[in-house]
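Hi there,

Here is the structure I promised to pass on to you. Have a look at it first, and then read my notes below.

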Amino acid sequence: MPQRMLRLCTALALLQRSEGLAPLSGYLRPRPVVMQDRNDSPSYNQDISVEQVEDVMDADSDSDFESPATFDVRMLAGISSPLNFFDPLDFSASASEGKVRFYREVELKHGRVAMLAALGFLVAEYFHPLFGGEIDVPSYIAFQETPLQVFWPAVILFIAVPEIFSVFTFQSPFGGELWAIRSDHIPGDLGFDPLGLKPKNAADLKIMETKELNNGRLAMLGVAGMVAQELATGDKLF
């Protein structure tokens with residue numbers, strides 16, 4: 001209350017002409033004051049009440065403290081033409097922010113694995129020097145032809161290492177939402193950027209994230225098609 005009175009007194013002192021301000025003591029009494037409009041002639045006066053000044057100050061005070069921007073799934077990276085925002089099954093309609101972040105984390109991981117797999121199909125079926133160079137089979141069964149198939153526990157452990165660290169990005173299961181990512185975690189951000197390619201500008205970063213998502217989506221569809229064709233024909237693609 002004292003702070004509000006101090007602000008009100010300051011505003012009145014700036015608005016009031018020197019001859020129109022009554023002595024101030026204690027609390028101000030509601031009385032009309034006179035303000036000169038500097039855009040008009042000096043003889044023009046406009047009456048303004050204390051209540052009106054308070055309303056203006058309240059509005060100004062509200063504008064100084066803007067509420068933080070709310071999470072909007074339609075503002076995330078990955079939304080591009082011609083489909084724009086594509087969610088035909090309305091997964092995001094009732095999903096919380098943490099759940100949407102989980103969906104995005106899953107999409108990024110699958111997209112990255114699919115991009116590596118698509119590259120593996122293209123390279124490994126042409127160039128396969130490992131294990132004596134004798135493994136010349138379709139990619140979808142190449143793993144079964146290597147000695148690695150007897151080391152499944154080691155392979156699973158190797159894959160599980162990054163997944164163990166990703167557990168800490170989830171909300172606590174005790175009192176929090178299940179399968180939901182914390183709001184302070186950026187989906188897909190592993191802190192791995194040895195070449196310093198990550199843009200510093202937010203707009204440029206969003207463009208790069210959209211490119212990665214679109215390439216990952218294409219790779220997921222492409223790898224599914226490659227595997228389906230090799231399963232159907234039993235032969236290598238390349």
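**Aromatic pairs**

The structure holds six aromatic pairs. Rings of Phe, Tyr and Trp (its six-membered ring) count as a pair if their centres lie within 6.5 Å; planes under 30 degrees apart are stacked, over 60 edge-to-face, and the rest tilted. One of the six is formed by Phe102 and Phe170, a tilted pair with 5.8 Å centre to centre and 55° between the planes. This pair links distant parts of the chain, as Phe102 sits in helix α3 and Phe170 in the loop between α4 and α5, 68 residues apart. Helices here are DSSP runs (H or I, at least four residues), numbered from the N terminus.

Phe170 also pairs with Trp179, this time edge-to-face, at 6.1 Å centre to centre and 80° between the planes. Ring pairs join Phe91, Phe102, Tyr103, Phe170 and Trp179 into a cluster.

A word on the source: this is a predicted model, in which local features need pLDDT of at least 70 and side-chain atom pairs count only at pLDDT 80 or more, while totals for chains, interfaces and linings use all residues. Residues are numbered from 1 along each chain as its sequence is written, and side-chain values use heavy atoms, with hydrogens and water left out.

**A kinked helix**

Helix α4 covers residues 152–166, which makes 15 residues. From first C-alpha to last, α4 reaches 22 Å, close to the 21 Å expected at 1.5 Å a residue (1.5 Å times one less than the number of residues). Where does α4 kink? The kink, of about 35°, is at Ala160, shortly before the proline Pro162; the bend is the angle between axes fitted to the seven residues ending there and the seven starting there.

Enjoy exploring the model!

Note on methods. Helices (H or I, at least four residues) and strands (E, at least two) are DSSP runs, numbered from the N terminus.
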